[in-house]
Amino acid sequence: MAVRAHAAARHQTFSDATGRASSTRLDRWALERIRKTVAAAPLHFRLWDGFESPSQAGPPVATIIFKNRRALFSWVWDPDLNFGEAYMFGAVDIHGDLLRMLEVTYESLGGKPRPWWLTPSSNDLSIAKENVHRHYDLGNEFYRLWLDRELVYTCAYFPTSDRSLDEAQLAKMDLVCRKLHLSRGDRVLEAGCGWGSLALFMATRYGVKVTAMNVSAEQIAWARRRAAAAGLDGQVTFIEDDYRNARGRYDAFVSVGMLEHVGLADFHTLGETIGRCLETRGRGLLHFIGRNQPMLLNPWIRKRIFPGAYPPTLREVFERVLEPRGFSVLDVENLRLHYALTLEHWRRRFDRASDQVREMFDDAFVRAWRLYLAGSEAAFSTGMMQLFQVVFAPGTNNAIPWTRVER
């Protein structure tokens, strides 16, 4: 599996012992430098020999413990990458609330704009397939442990905050269908269909015909079995292929949770695909993780969890996907706090299943995914990440909604 690749070597590297040796003046200088980078965060720091640097911003929400010198200096060198690496392999421990630790750290650091020379490269067909394989083909049984019963791995919609995750995912799928104004007999193209839940929901609840595409072999196989069991294999066609190869004409286009995996350099290709496939009286919806300002995804997340991913700003989507094809934006909604609550559900479910996950993979995998889920929740709760739903249509289309969808 992706997270386990080279795990033994990395674990050995981060476990290089400083033994019980006392920390040096250089070690303490490094710790002070780290503290200054998060000066506004109420955090307590401790080195392997017990040396402590107390919080200077009020009662601490957590204590960060460096177990060896390499973990300490790796943070100084590249904190965005190496904190995750050191935590994943047990060279850094967190005593206290991991979520709150991440939230106060994000709030203290703020956002860092993306340098122009770090523009992401293209995710061509082979790279896109490999990226998906490394994350989504970890095994259906793994995801069944902590997702909802429909296996929906995207932001849910909570009409009220006390709804269950299962109810909120069904509400999200229904919200998407209502925003698209689906009617019986419509032809729908779904790009990046996951385990097929939305495609099957659209066909069952709204009577549409769906062509759903995905490059994950495991997810497509699962979706096809579900369609056959529900008697919908004549109404929903699941295709194991990249969105770029979509053919035919459709009344609606929908993509939920795929755009952030397309890559900025290939946004124009996505726009061309939609323009080629969408009828002149059609409509479309993009549901994606985004940013308020251009920023690369955290390098540790890109390395260990989502290779090739990039969360765009609205401007980047408008300029590169929609405007070149003459699409009109009809509605924009930000469901940021809904994603924070979705991730809270996922994180708690994952923690309850952590022993089973550890048996399937290893402890480094469990720590990595715990950090990823908590870090993602913190990113949405603090406004570092956004969740956008954008409804659009060809600019000449007058068969568009007269009013916004009622909640």
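The model is predicted, so local features need pLDDT of at least 70, side-chain atom pairs count only at pLDDT 80 or more, and totals for chains, interfaces and linings use all residues. Residues are numbered from 1 along each chain as its sequence is written, and side-chain values use heavy atoms, with hydrogens and water left out.

The protein contains 17 helices and 11 strands. Here helices (H or I, at least four residues) and strands (E, at least two) are DSSP runs, numbered from the N terminus. Of its 407 residues, 55% count as buried; buried means under 20% relative accessible area, exposed means over 50%, and partly exposed lies in between, using a 1.4 Å probe and protein chains only. A contact is counted when heavy atoms lie within 4.5 Å. Among contacts between residues at least 6 apart in sequence, 73% join residues at least 24 apart.

The sheets come next. Strands of a sheet pair through backbone hydrogen bonds, either parallel or antiparallel. Two strands are taken as paired if DSSP finds at least two bridges between them.

Because 9 of its 9 residues are buried, S11 is largely enclosed by the rest of the structure. Strand S9 (residues 278-290) is joined to S11 by 7 bridges and runs antiparallel to S11, while S10 (residues 327-334) also pairs with S11 in the antiparallel sense, over 7 bridges. Val-391 of S11 is the bridge partner of Leu-285, and Asp-331 stands opposite Val-391 as well. Val-390 in S11 is the bridge partner of Val-332.

Strand S9 is mostly covered, with 10 of its 13 residues buried. Its pairing with S8 (residues 250-256) is parallel and has 6 bridges. His-287 of S9 faces Val-256, and the bridge partner of His-287 in S11 is Gln-389.

Another open sheet is formed by 4 strands in the order S2-S1-S3-S4, again with mixed pairing. S2 (52-53) and S4 (92-96) are its edge strands, each pairing on one side only. Strands S1 (residues 43-46) and S2 run antiparallel and are joined by 2 bridges; Phe-45 stands opposite Ser-53 in S2. Helix H2 (residues 25-37) lies across S1, S2 and S3 (62-66), at about 165° to S1.

Turning to the interior, a nonpolar core is a set of buried Ala, Val, Leu, Ile, Met, Phe, Trp, Tyr and Cys residues joined through side-chain atoms within 4.5 Å. The largest such core has 79 residues, and those with the most contacts inside it are Phe-66, Phe-142, Tyr-143, Trp-146, Tyr-153 and Trp-369. Helix H17 (residues 363-381) supplies the largest share of this core, 12 residues. A second, separate core of 29 residues includes Val-188, Tyr-206, Ile-220 and Ala-227.

Helix H17 also holds Val-366, which is buried with a relative accessible area of 0%. Leaving aside neighbours within four places in sequence, Val-366 is in contact with Phe-350, Ser-354, Val-357 and Arg-358. Val-366 and Ala-353 are 13 residues apart in sequence and 9.8 Å apart in space, C-alpha to C-alpha.

Finally, there is a pocket to visit. On a 1 Å grid over the protein atoms alone, a pocket is an open set of points with protein on both sides within 12 Å along at least five of seven lines, and lining residues have an atom within 4 Å of a point. The second largest pocket holds about 190 Å³ of space. Its lining includes Glu-150, Leu-170, Met-173, Arg-226 and Leu-232. The elements giving two or more residues to this lining are helices H8 (165-179) and H9 (197-206), and H9 gives the most, with 5 residues.

Terms used
Axes fitted to C-alpha atoms, helices over the stretch in contact; angles between N-to-C directions. 1 Å grid on protein atoms, 1.4 Å probe; cavity = no way out; pocket = protein on both sides within 12 Å on 5 of 7 lines; lining within 4 Å. Points joined across faces, edges and corners; volume = space filled by probe spheres on them.
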